Amino acid sequence: MTILFVYNVKQQKVVDLMARLGSISNGGLTMSVNDFNAAQKWAKLAKDIQQLIVRNVFCADCGVTTIVKYTFHDDEYGILLKGKCKKCGRDMARLIEDK
Ligand SMILES: [Zn+2]
């Protein structure tokens with residue numbers, strides 16, 4: 001089960017975008033940026049929305065849990081977040097729809 005979030009992509013200045021990208025790595029979660037386009041889309045989301053998404057990913061073993069060590073992948077339907085369950089380490093993914 002994947003919960004979808006819909007958001008509108010807004011035009012933003014590059015400077016603002018880079019400032020937001022720099023702030024993503026805060027908060028104790030390990031992250032690497034694999035796909036710049038996806039990372040750009042992610043950076044345009046409000047920080048509270050980002051946290052809401054990260055903390056509400058469904059694990060087949062644990063139920064709703066937190067995704068850690070996640071990477072961004074540009075998907076046909078939005079941003080695909082791929083990472084691991086914070087509780088059991090199982091691979092998990094979440095799609096954030098942008099259309
Ligand atoms: Zn789990």
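The model is predicted: local features need pLDDT of at least 70, side-chain atom pairs count only at pLDDT 80 or more, and totals for chains, interfaces and linings use all residues. Residues are numbered from 1 along each chain as its sequence is written.

**Strand pairing**

- Helices (H or I, at least four residues) and strands (E, at least two) are DSSP runs, numbered from the N terminus.
- Two strands pair if DSSP finds at least two bridges between them.
- Strands E4 (residues 67-75) and E5 (residues 78-85) run antiparallel, joined by seven bridges.
- Thr71 stands opposite Lys82 of E5, and Asp74 has Ile79 in E5 as its bridge partner.
- E5 and E6 also run antiparallel, with seven bridges.
- Lys84 has Asp91 in E6 as its bridge partner.

**Hairpins**

- Two residues link E4 to E5 in a hairpin.
- The hairpin of E5 and E6 has five residues between the strands, and there Gly89 takes a positive phi near 85°.

**Nonpolar core**

- A nonpolar core is a set of buried Ala, Val, Leu, Ile, Met, Phe, Trp, Tyr and Cys residues joined through C-beta atoms within 7 Å.
- Buried means that 20 or more other C-beta atoms, placed from the backbone, lie within 10 Å of a residue's own.
- The largest such core has 13 residues; among those with the most contacts inside it are Trp42, Ile67 and Phe72.
- Helix H2 (36-43), E4, E5 and strand E6 (91-97) each give two or more residues to this core.
- H2 gives the most, with four residues.
- Ile67 touches residues including Val54, Leu81 and Met92, not counting those up to four places away in sequence; contact means C-beta atoms, placed from the backbone, within 7 Å.

Definitions and conventions. A residue is buried if 20 or more other C-beta atoms lie within 10 Å of its own, exposed if 12 or fewer, and partly exposed in between; C-beta atoms are placed from the backbone. Two residues are in contact if their C-beta atoms, placed from the backbone, lie within 7 Å.
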